Amino acid sequence: MFGCQGAGLRVRYWVTLITGLVECLGFAGVMFGWASLVFVLKSKGYFSNLCENTTRNGTITEDCSGQDEQFSLIFTIASFMNNFLTLPIGFLFDHFGTMVSRLLGISVYTVGVLLIAFSSPATSVLLFPALSFIAMGGVLFLITNMQVGNLFGTHRSTIITLYNGAFDSSSAVFLIIKLVFEDGVSLRWSFLFLSCCAIIHLFRTFVLLPRTRIPYPLPENYNYGIKCGGISQAKVEMPFGRNSPQGQNTDNTEWTFKSCFLSWFFMCHLLWLSVMQLRHYLFIGTLNPMLNHLAAGDAGLVSRYTNAFAFTQLCGILCAPWNGLIMDRRKGKEREP
């Protein structure tokens, strides 16, 4: 089925695409479902020792602001790691290739889910490294999968944005964990199942992805993954610009990394993206205490609105590809002189 020529090669491309989509949708961005997981962790008593009884207007109430601060701090650190480590992760991917990057990602991701699986209210502090490891591993999954778009040429941008949408929608995994927890499945078994899924990641690493990188533009009959006819995959390096195929519109000016990085266009885009992500992370990190305040501590109402928010996050996989479709359509048009 996974041939090295013709139809068999196309089948391998499509299997790589679909399994990569499942990987991003099921594992890469689960940290964004933090609001759903916090609800479960609170019900199990994590950081409950920080709750205090206070008297207001002669009524004794429980103040859990200290507990909420710890959960917000965990997500803040994980969010910082998710963004700050993207640059060194890109450097790692450029210099050591797909296999090394993915093996590192699989290792830290599995350690993260195992830390949550074997944590308890008495060892709540394990949540700090756990969520950071999950965030780091998830970014590695996303970055190493985005190159799959190179296999499909004219649809490259659509596939990259589809994977990014799946990355956002994978927050629903923690919603599923919350729902099965309410049906009696323990938190430990849910995260042990996630750790066992490392087999899927290893299979894709050794069978369905290259050892180095998928080049762009893609050479004819490019193969990768398992060996074909006793010959390992071709290690093709095709830099942009010089080796562009004939007939493709390219600029005569070759931009260096430094000139692109220091351009006003990139700096303004980076500032805009940073503000948008900061607002996004702030909302997710403070959603649970905000809902508790608005619902006056009604756990059932908080649970219902937490589920509603998680369902809206699923829309990422439906909305993101439209950006790629527009980009691919624009790339197909000739540039004006």
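Predicted model: local features only at pLDDT ≥ 70, side-chain atom pairs only at ≥ 80, totals over all residues.

Reader: What makes leucine 270 partly exposed?

Author: Partly exposed residues lie between the 20% limit for buried and the 50% limit for exposed. The value for leucine 270 is 36%, so the residue is partly exposed. Leucine 270 is placed in helix 11.

Reader: Which residues form the nonpolar patch on the surface?

Author: The patch is formed by Phe257, Phe261, Leu262, Trp264, Phe266, Met267 and Leu270, with about 770 Å² of accessible area together. Helix 11 supplies the largest share, four residues.

Reader: Why is the pair of glutamate 23 and arginine 102 called a salt bridge?

Author: The closest N and O atoms of glutamate 23 and arginine 102 are 2.8 Å apart. The limit for a salt bridge is 4 Å, so the pair qualifies. Glutamate 23 lies in helix 1 (residues 6-28) and arginine 102 in helix 4 (residues 86-117), so the bridge ties together parts that are 79 residues apart in sequence.

Reader: How do you know whether glutamate 23 and arginine 102 are buried or exposed?

Author: Buried means under 20% relative accessible area. Glutamate 23 has 1% and is therefore buried. Arginine 102, at 0%, also counts as buried.

Reader: How many salt bridges does the structure hold?

Author: There are four salt bridges. One of them pairs aspartate 68 with lysine 42, whose closest N and O atoms are 2.4 Å apart. Aspartate 68 belongs to helix 3 (residues 65-84) and lysine 42 to helix 2 (residues 34-44), so this pair ties together parts that are 26 residues apart in sequence. Aspartate 68 has a relative accessible area of 16%, which is under 20%, so the residue is buried.

Reader: What separates glutamate 182 and lysine 178 along helix 7?

Author: Glutamate 182 and lysine 178 are four residues apart in helix 7 (residues 172-182), which means a separation of about one helical turn. Their closest N and O atoms are 3.0 Å apart, and the two residues form a salt bridge. Glutamate 182 is partly exposed at 42%, whereas lysine 178 is buried at 0%. Salt bridges that share partners also join Glu23, Arg102 and Arg204 into one network.

Reader: How do you know that the span of helix 5 agrees with its number of residues?

Author: At 1.5 Å a residue, the 20 residues of helix 5 (residues 127-146) should span 28 Å. The end C-alpha atoms of helix 5 are 29 Å apart, which agrees. Helix 5 is mostly covered, as 17 of its 20 residues are buried.

Terms used
Residues numbered from 1 in each chain as written. Heavy atoms only, no water. Salt bridge = Lys/Arg side-chain N within 4 Å of Asp/Glu carboxyl O. Helix = DSSP H or I, 4+ residues; strand = E, 2+ residues; numbered from the N terminus. Buried < 20%, exposed > 50% of the residue type's maximum accessible area, 1.4 Å probe, protein only. Expected span 1.5 Å × (residues − 1). Patch = residues over 30% accessible without salt bridge, like charges linked within 9 Å, V, L, I, M, F, W, Y side chains within 5 Å. Areas by Shrake-Rupley, 256 points an atom, 1.4 Å probe, with all protein chains shown as cover.
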